[in-house]
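Colleague: I'm new to this one. Could you walk me through how to read it?

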Number of protein chains: 2
Amino acid sequence: MDIEKIDYLARLWIMEAATKIKQSFKETLDIDTKSGRNDLVTNMDKETEAFFVKQIKEHFKEHRLFGEEGMSDEVTDLNGVVWILDPIDGTLNFVEQQRDFSISLAIYQDGIGYLAYIYDVERDELYFAEKGKGATVNGKSIPKMNKTMDLQDALLIANLSVTKKFPTVWEAVKVSRGLRLHGAASLEYMDVATGRAGAYLSANLAPWDIAAGKIIVEELGGIVTRIDGSEINMLEKGSSIVAAPKIHQTLIDNYLP
Amino acid sequence: MDIEKIDYLARLWIMEAATKIKQSFKETLDIDTKSGRNDLVTNMDKETEAFFVKQIKEHFKEHRLFGEEGMSDEVTDLNGVVWILDPIDGTLNFVEQQRDFSISLAIYQDGIGYLAYIYDVERDELYFAEKGKGATVNGKSIPKMNKTMDLQDALLIANLSVTKKFPTVWEAVKVSRGLRLHGAASLEYMDVATGRAGAYLSANLAPWDIAAGKIIVEELGGIVTRIDGSEINMLEKGSSIVAAPKIHQTLIDNYLP
């Protein structure tokens with residue numbers, strides 16, 4: 001796997017896709033009806049994924065793409081090189097807010113994550129990690145996660161889906177410094193990666209929601225598992241808990257089934 | 001009241017205060033302990049309010065300041081000109097995230113709001129309204145709020161305090177497009193003002209949390225009341241619901257006591 005070439009092109013394509021997405025903002029704002037806006041975002045999602053599919057086929061014939069829109073290969077294993085893409089993570093935020101959404105891209109080889117990109121389009125912030133080489137945001141090193149940070153020192157992010165399924169999470173929220181909810185999984189992973197939150201819990205995420213975030217968080221010493229503490233199979237949807245190490249242990253031990 | 005002079009100086013002082021707050025970021029990040037960080041933010045809060053008190057005393061001898069830190073006059077009426085200030089709204093976000101906090105300033109005369117400033121420090125976005133002259137963000141007009149927007153077309157923002165006190169709010173969340181929670185009242189008012197959210201509900205806010213937001217939202221055609229639909233007395237703490245007009249009606253009629 002030619003990491004340097006992949007990295008160069010991945011960045012180029014993310015920025016090209018982001019430019020198109022930003023151009024669509026004006027259009028979004030001109031559309032008054034909910035269905036019109038939904039159609040637009042569906043189109044932008046599909047267009048972005050199609051763009052990546054085309055580029056990958058052209059430059060990396062043997063690679064496969066595993067994406068939200070399912071426009072490329074049917075992926076039932078992670079053998080060889082697989083690009084895992086969420087063309088717009090946080091589509092509802094894209095439609096309603098024109099902020100707090102991202103392009104999330106991860107490159108896996110034989111099931112192991114090597115490269116991760118999460119681009120917060122509106123803030124113009126590119127989070128990046130390469131396995132074994134740390135993580136950056138816009139080229140600036142992100143410090144390793146705080147190993148001693150306790151639940152009571154941190155903000156928590158939790159979806160309603162998770163609090164509904166596991167009401168004991170409310171107890172964890174009470175112990176924490178407070179609840180936040182931004183509505184884009186990849187960026188909420190980055191809230192944890194940068195220490196803005198101590199943990200983020202969700203009951204049901206797809207591989208493309210978390211593939212890049214998991215690489216970045218783990219590179220910084222954070223922990224990513226299912227809510228029962230088990231390892232994540234990157235081919236299946238499911239729950240996710242991403243947290244600073246001590247908080248992960250506390251949540252698993254005391255607040256989750 | 002010399003609106004032009006007040007406006008000129010208010011902007012100047014906000015930017016000067018914001019510069020000091022941003023300088024403190026590095027310091028915040030260097031402090032590892034929770035109590036250390038809390039002390040710093042308390043200091044920044046106080047320092048910012050003291051700065052405004054000093055400037056106002058110097059330039060507008062007859063004006064009073066009503067602020068979170070209570071460093072100036074004891075304000076028990078709104079006669080004359082009163083500056084209502086939250087030096088850092090979203091202090092927890094300031095400590096934990098170094099984003100999603102603001103300086104919130106409103107200028108009232110005889111109980112009527114004339115000027116409002118909410119400065120999102122990290123995003124460098126200044127929301128502004130002058131009574132009767134519309135609202136802007138960084139000088140760009142904010143469009144009037146959508147009068148026909150329904151609950152099912154919009155994101156909702158609600159604090160845990162409000163869902164705990166009024167559990168029926170969960171029903172409204174289910175009908176809406178989803179829940180968000182950013183943790184800074186003034187900026188959540190601006191989410192509603194700009195249409196990023198349809199409504200924001202909170203069970204307990206202080207006058208300085210909402211004084212500026214109320215002016216901006218009302219200037220754009222939005223509705224701000226207590227949760228029982230009554231008018232807000234700007235001298236008292238209490239609940240608040242800020243919403244697009246149709247959504248405000250729907251919430252009051254169907255989801256609140």
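Colleague: Which domains does the domain assignment of chain A give?

Modeller: Domain bounds come from an automatic or database domain assignment. For chain A, that assignment gives domain 1 (3-141) and domain 2 (151-255). Before we go on: this is a predicted model, in which local features need pLDDT of at least 70 and side-chain atom pairs count only at pLDDT 80 or more, while totals for chains, interfaces and linings use all residues. Residues are numbered from 1 along each chain as its sequence is written, chains are lettered from A and ligands numbered from 1 in the order in which they are written, and side-chain values use heavy atoms, with hydrogens and water left out.

Colleague: How many residues does each domain of chain A bring to the contact?

Modeller: Contact means heavy atoms within 4.5 Å. The C-alpha centres of domain 1 and domain 2 of chain A lie 21 Å apart, and the contact takes 36 residues from domain 1 of chain A and 21 residues from domain 2 of chain A.

Colleague: And what area is buried between domain 1 and domain 2 of chain A?

Modeller: Buried area is the accessible area (1.4 Å probe) that two parts lose on being put together, summed over both. Here domain 1 and domain 2 of chain A bury about 2,100 Å², and carbon and sulfur atoms give 69% of that.

Colleague: How many salt bridges and polar contacts are there between those two domains of chain A?

Modeller: A salt bridge is a side-chain nitrogen of Lys or Arg within 4 Å of a carboxyl oxygen of Asp or Glu. A polar contact is a pair of N or O atoms within 3.5 Å; within protein, one must be able to donate a hydrogen and the other to accept it, and residues adjacent in sequence count only if both atoms are side-chain atoms. Between domain 1 and domain 2 of chain A there are zero salt bridges, but ten residue pairs in polar contact (both at pLDDT 80 or more).

Colleague: Which strand gives the largest share of the domain 1 side in chain A?

Modeller: Helices (H or I, at least four residues) and strands (E, at least two) are DSSP runs, numbered from the N terminus. On the side of domain 1 of chain A that touches domain 2 of chain A, the largest share is seven residues, from β4(A).

Colleague: Now the two chains. What rotation superposes chain A on chain B?

Modeller: Copies are superposed by least squares on the C-alpha atoms of residues with pLDDT of at least 70 in both. A rotation of 180° with 0.0 Å of shift along its axis does it, at RMSD 0.0 Å. The two copies are thus related as by a two-fold rotation axis. In chain A, the residue closest to that axis is A:L181, its C-alpha at 2.4 Å.

Colleague: Where do the copies meet, through the same surface or different ones?

Modeller: The same surface, because 100% of the interface residues of chain A are also interface residues in chain B. There, 28 residues of chain A are in contact with 28 residues of chain B. A:E96, A:R123 and A:R177 supply 23% of the area that chain A buries against chain B, more than any other three residues.

Colleague: How many salt bridges lie between chain A and chain B?

Modeller: Six. In one of them, A:E96 pairs with B:R177, the closest N and O atoms being 3.0 Å apart. As for helices, α3(A) gives the most to the side of chain A that touches chain B, with five residues.
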